[in-house]
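Take a look at the model below. The text after it walks through some of its parts.

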Amino acid sequence: MDDLPVDKVLVRRLCDRDESAFALVLDRWSGGMLRLARSYVSTEASAAEVVQETWLAVIEGIDRFEGRSSLRTWVYRILTNTAQRRGSREHQMVPSDELGQPTVDPQRFQSEGQPFPGHWWEPPPVWPEPEGGVLTDEVRGLLVAALEELPERQRVVIALRDAEGWPADEVCELLDITAANQRVLLHRARAFVRAKLETYYTQEETS
Amino acid sequence: MNELECRQFVEQVTAYLERALTPAEEQAFVDHLTECDGCERYLDQVRQTARALDALPTDALSPESRTALLNTFRDRPS
Ligand SMILES: [Zn+2]
């Protein structure tokens with residue numbers, strides 16, 4: 001994918017009502033924005049509305065953009081605010097003590113008094129390599145369902161980091177969280193999704 | 001030298017991938033990696049998980065809302 005023009009150029013073109021510049025960001029970011037909106041609201045339809053509303057606010061507010069963050073972060077912040085307002089009914093907070101729990105079932109490891117305490121009983125089973133790196137529809141469906149099950153903040157972080165490829169610092173800035181917190185959320189989310197894949201691949205093996 | 005257990009290793013995977021471990025922690029992590037096939041596989045599967053998510057296709061705006069937004073943009077006074 002070609003790089004977008006640098007923010008300064010992009011913002012100037014948007015302020016000059018250059019439609020091709022607007023089409024560029026619209027087409028580049030809407031997919032990721034839809035996915036992110038789905039972390040906050042419960043249907044595809046409300047996610048689409050959130051994205052629509054966000055772009056309207058961007059059109060409305062672009063002349064006031066001051067460049068204190070990147071344009072993308074600014075747009076996405078409008079998105080998360082819009083989505084959060086709308087999704088507040090279904091807003092579920094995770095108790096923070098849950099974040100200290102192990103991410104891998106403790107039963108997988110030997111306990112004290114066993115030959116190798118803290119080490120795997122059975123190492124994780126081997127997964128088949130996806131052919132040519134292409135995911136089957138089944139695996140895609142499983143990943144989407146796994147993301148759906150995650151608590152909101154974990155889901156937002158893993159969607160931005162792994163699905164959208166954002167750098168950690170931009171995610172921290174957008175969500176206003178510390179680097180350590182971001183890492184914990186990402187770690188828990190990845191461990192959860194990995195476990196789902198493991199279950200899937202082991203079932204496939206034995207079926 | 002402090003030996004890392006597998007159950008500690010699995011909790012450090014993301015910190016390792018984010019280069020957020022201290023040099024001593026990173027050394028212990030890498031040392032463990034070289035001698036534990038289970039943990040090597042675990043780390044690899046976390047990487048594979050991230051790659052799989054990266055390969056997920058994204059939805060697109062409906063053509064109607066795309067057109068509507070472009071029109072709104074065009075009609076906005078400067
Ligand atoms: Zn190990």
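What follows covers annotated domains, salt bridges and a charged surface patch.

This is a predicted model. Start with the record. UniProt, in an unreviewed entry, places "domain: RNA polymerase sigma factor 70 region 4 type" at residues 142-191 of chain A. That stretch is 82% helix and 0% strand. Its end C-alpha atoms lie 15 Å apart. For chain B, an unreviewed UniProt entry lists "domain: Putative zinc-finger" at residues 6-39. Here the chain is 82% helix and 0% strand, with end C-alpha atoms 7 Å apart.

Now turn to the salt bridges. The whole structure holds 21 of them over all chains. One joins the side chains of Arg13(A) and Asp18(A), at 2.8 Å from N to O. Arg13(A) is partly exposed, at 24% relative accessibility. Asp18(A) is partly exposed too, at 22%.

Which residues does Arg38(A) pair with? One partner is Glu44(A), with the closest N and O atoms 3.2 Å apart. Another is Glu148(A), at 3.1 Å. This second pair links distant parts of the chain, 110 residues apart. Arg38(A) sits in the loop between helix H2 and helix H3 of chain A, while Glu148(A) belongs to helix H5. Arg38(A) counts as buried because its relative accessibility is 11%, under the 20% cut-off. Glu148(A) is partly exposed, at 41%.

Last comes the surface. Glu129(A), Asp37(B), Glu40(B) and Asp44(B) gather there in a patch of negative charge. Asp37(B) lies in helix H3 of chain B, which spans residues 37-54. Is Asp37(B) buried or exposed? Asp37(B) is exposed, with a relative accessible area of 57%.

Terms used: Residues are numbered from 1 along each chain as its sequence is written. Chains are lettered from A and ligands numbered from 1 in the order in which they are written. This is a predicted model: local features need pLDDT of at least 70, side-chain atom pairs count only at pLDDT 80 or more; totals for chains, interfaces and linings use all residues. Side-chain values use heavy atoms; hydrogens and water are left out. Patches are made of residues with over 30% relative accessible area and no salt bridge: like charges are joined within 9 Å, nonpolar side chains (Val, Leu, Ile, Met, Phe, Trp, Tyr) within 5 Å. Accessible areas come from the Shrake-Rupley method with a 1.4 Å probe; for residues, only the protein chains shown count as cover. A salt bridge is a side-chain nitrogen of Lys or Arg within 4 Å of a carboxyl oxygen of Asp or Glu. Lys and Arg count as positive and Asp and Glu as negative; His and the chain ends are not counted. The place of a charge is taken as NZ of Lys, CZ of Arg, CG of Asp or CD of Glu. Helices (H or I, at least four residues) and strands (E, at least two) are DSSP runs, numbered from the N terminus. Buried means under 20% relative accessible area, exposed over 50%, partly exposed in between (1.4 Å probe, protein chains only). UniProt positions are given in the numbering used here, feature names are shortened, and annotations may be inferred rather than shown by experiment.
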